[in-house]
Amino acid sequence: MNDDLFERRQAERRYAQNFLDYEILSGTGEILGRGLARTLNISENGLRLETGQFFEPGQRLRITLGLDNDLVQISGRVMNSQPENDEICSCGVMFLEFDEAGRRTFQKHLAALKDNLTAS
């Protein structure tokens with residue numbers, strides 16, 4: 001992990017680019033919007049995504065993440081968001097909920113990423 005005093009991540013990030021679909025949720029769970037994005041990196045606790053939509057910190061998202069031939073649905077909260085240029089924004093999302101099958105699939109995918117990096 002990084003020794004930077006401002007680093008708040010609690011798990012090491014793995015660089016991975018996967019496409020995902022997201023739904024922006026209200027506090028009551030109503031869908032306020034939808035969009036597509038891609039991951040820039042992932043960890044056990046969250047991911048960084050890149051999209052054309054700016055998110056406010058605290059917004060809740062329901063993410064459907066494509067991992068190889070599997071789809072995993074995750075609920076998360078936007079922790080930070082920043083424009084990269086006039087068209088692209090990146091944001092950090094902390095995971096809040098997985099179903100058990102989705103968690104197993106995600107952890108298997110993350111372990112495979114880790115193994116590929118150590119084998120290189």
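**Salt bridges in a predicted model**

In this predicted model, a network of salt bridges links E23, R34 and R62.

Reader: Let's take E23 and R34. How far apart are their closest N and O atoms?
Author: They sit 2.7 Å apart. The two residues come from distant parts of the chain: E23 is in strand β2 (residues 19-25) and R34 is in strand β3 (residues 31-42), eleven residues apart.

Reader: Is E23 buried or exposed?
Author: E23 is buried, because its relative accessible area is 12%, and buried means under 20%.

Reader: And R34, buried or exposed?
Author: R34 is exposed, at 57% relative accessible area.

Reader: Where does R62 come in?
Author: R62 meets E23 in a salt bridge through their side chains, with 2.7 Å from N to O. R62 belongs to strand β5 (residues 60-67) and E23 to strand β2, so this pair ties together parts 39 residues apart in sequence. R62 itself counts as partly exposed, with 25% relative accessibility.

Reader: Switching topic: what does R38 pair with?
Author: R38 forms a salt bridge with E50, again by way of side chains, at 2.7 Å from N to O. That pair also links distant parts of the chain, with R38 in strand β3 and E50 in strand β4 (residues 46-51), twelve residues apart.

Reader: What about E50, buried or exposed?
Author: E50 is buried, with a relative accessible area of 19%.

Definitions and conventions. Residues are numbered from 1 along each chain as its sequence is written. This is a predicted model: local features need pLDDT of at least 70, side-chain atom pairs count only at pLDDT 80 or more; totals for chains, interfaces and linings use all residues. Side-chain values use heavy atoms; hydrogens and water are left out. A salt bridge is a side-chain nitrogen of Lys or Arg within 4 Å of a carboxyl oxygen of Asp or Glu. Helices (H or I, at least four residues) and strands (E, at least two) are DSSP runs, numbered from the N terminus. Buried means under 20% relative accessible area, exposed over 50%, partly exposed in between (1.4 Å probe, protein chains only).
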